[in-house]
Amino acid sequence: MQKPILISGIQSSGRAHIGNYLGMLKNAVDLQNTGRYQCYYFIADLHSITEDFNPKEKSKQILETTADCLAAGLDPKKSALFLQSQVPSHSELTWILNTITPMGELRRMTQYKEKIATGGESENVGLFDYPVLMAADILLYDAKFVPVGNDQLQHLEFTRTLARKFNSKFGKTFIEPEALLTETPRVMSLLDPNKKMSKSQPETCLFLDDSPDVIRNKVKRAVTDSGAEVQYDPAAKPGISNLLSMYSALSGEPIKKIEAEFTGKNYGHFKAMFAEVVISHFAEFRKRKKSLMRKPNKLRTILLIGSKKASRVAMLKMRSVQKNVGIAV
Ligand code: ADP
Ligand code: TRP
């Protein structure tokens with residue numbers, strides 16, 4: 001029997017941070033290593049150009065995100081790791097899905113509303129259409145599962161609605177995917193624990209390849225709360241709770257046990273220990289990423305091979321979409 005299919009994407013808009021890792025990347029690697037799924041992971045470069053970017057930097061960013069995925073443990077022998085723009089079916093299916101998407105549905109997407117609220121030149125049709133491209137990414141592969149952070153749940157719900165709508169209009173074509181969340185589906189910003197950690201605000205992020213000194217510094221400056229006890233209480237102590245949940249996810253120790261270890265000790269003690277946990281957890285990662293970044297051609301080849309593999313599957317699906325819509329003559 002065919003293994004269930006799993007897909008996820010990460011934008012090539014900067015270095016991967018600990019929110020990407022604990023919300024998606026670590027889960028993607030663990031799921032890959034169970035051997036129970038057929039895995040597709042890709043660099044969402046077409047999504048990443050919906051926001052301001054420098055064309056001179058883009059290809060380097062794509063390779064860097066590829067190195068992030070590999071250094072975190074994605075294995076091209078076990079998963080297809082590919083580049084979204086090298087599989088033209090993603091854009092083709094987006095167009096067809098556009099024709100059954102009500103504008104009103106896109107207008108109420110939280111991520112879109114937040115991004116346009118910041119104003120500037122970034123408001124464009126691509127940004128508006130972002131969820132449709134994401135739906136195409138998923139539906140093309142008949143993916144049953146999608147490991148993502150909690151900020152993507154609305155887009156996934158939208159994908160399910162679109163799949164249902166397409167099926168009822170054109171006959172059964174797509175399956176409805178389900179999100180897979182981790183225990184840390186929403187890692188918060190280091191500087192404002194009420195906001196999500198995001199690549200678009202680099203100063204709020206702990207990047208996976210930050211050096212030990214940078215990690216110590218960022219953790220020291222991380223916003224904590226009034227009081228002095230190391231206690232998990234997201235409503236009253238969002239800052240320390242955010243650090244505690246990262247600590248627990250990285251060390252594998254339950255939060256209760258960590259709280260107990262730090263009874264009677266202050267935030268400073270806890271932060272110093274937390275920084276060391278992060279530093280040692282990503283020691284291997286830093287080494288691997290550095291060595292991968294020295295081999296851009298190897299990264300390019302991995303993407304090309306993955307994209308070829310994904311293209312074969314995606315083109316077959318596109319063919320049946322075209323037939324069902326009635327444009328295959
Ligand atoms: P970003 O939002 O930082 O630009 P991406 O859009 O490339 O990053 O997200 C890649 C994956 O990481 C997605 O599954 C997303 O839900 C997840 N993710 C992003 N930020 C966080 C966060 N702060 N906490 C948990 N998961 C996150
Ligand atoms: N939109 C996702 C994010 O910003 C990235 C992404 C694009 C994605 N296409 C996807 C994730 C398909 C899962 C499946 O995080």
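The following paragraphs describe the surroundings of the two ligands in a predicted model.

Residues are numbered from 1 along each chain as its sequence is written, and chains are lettered from A and ligands numbered from 1 in the order in which they are written. In this predicted model local features need pLDDT of at least 70, side-chain atom pairs count only at pLDDT 80 or more, and totals for chains, interfaces and linings use all residues, while side-chain values use heavy atoms, with hydrogens and water left out.

Ligand 1 has 18 residues around it (a heavy atom within 4 Å), of which H17, D151, V187, K196 and K199 come nearest. Among its polar contacts (N or O atoms within 3.5 Å), an oxygen atom of ligand 1 lies 2.5 Å from a polar side-chain atom of D151. Nitrogen atoms of ligand 1 are found 3.1 Å from a polar backbone atom of G19 and 2.8 Å from one of V187. The protein buries 94% of the 530 Å² that ligand 1 exposes alone (Shrake-Rupley, 1.4 Å probe). The largest share of the shell around ligand 1, four residues, is supplied by α1.

Around ligand 2 there are 13 residues, and Q11, Y130, M134, D137 and Q152 come nearest. Oxygen atoms of ligand 2 lie 2.7 Å from a polar side-chain atom of Y130 and 3.1 Å from an N or O atom in the side chain of Q11. A nitrogen atom of ligand 2 is 3.1 Å from an N or O atom in the side chain of Q152. Of the 360 Å² of accessible area that ligand 2 has on its own, the protein covers 91%. Helix α7 gives the largest share of the shell around ligand 2, four residues.

Key:
Polar contact = N/O pair within 3.5 Å; in protein donor to acceptor, adjacent residues only side chain to side chain. Helix = DSSP H or I, 4+ residues; strand = E, 2+ residues; numbered from the N terminus.
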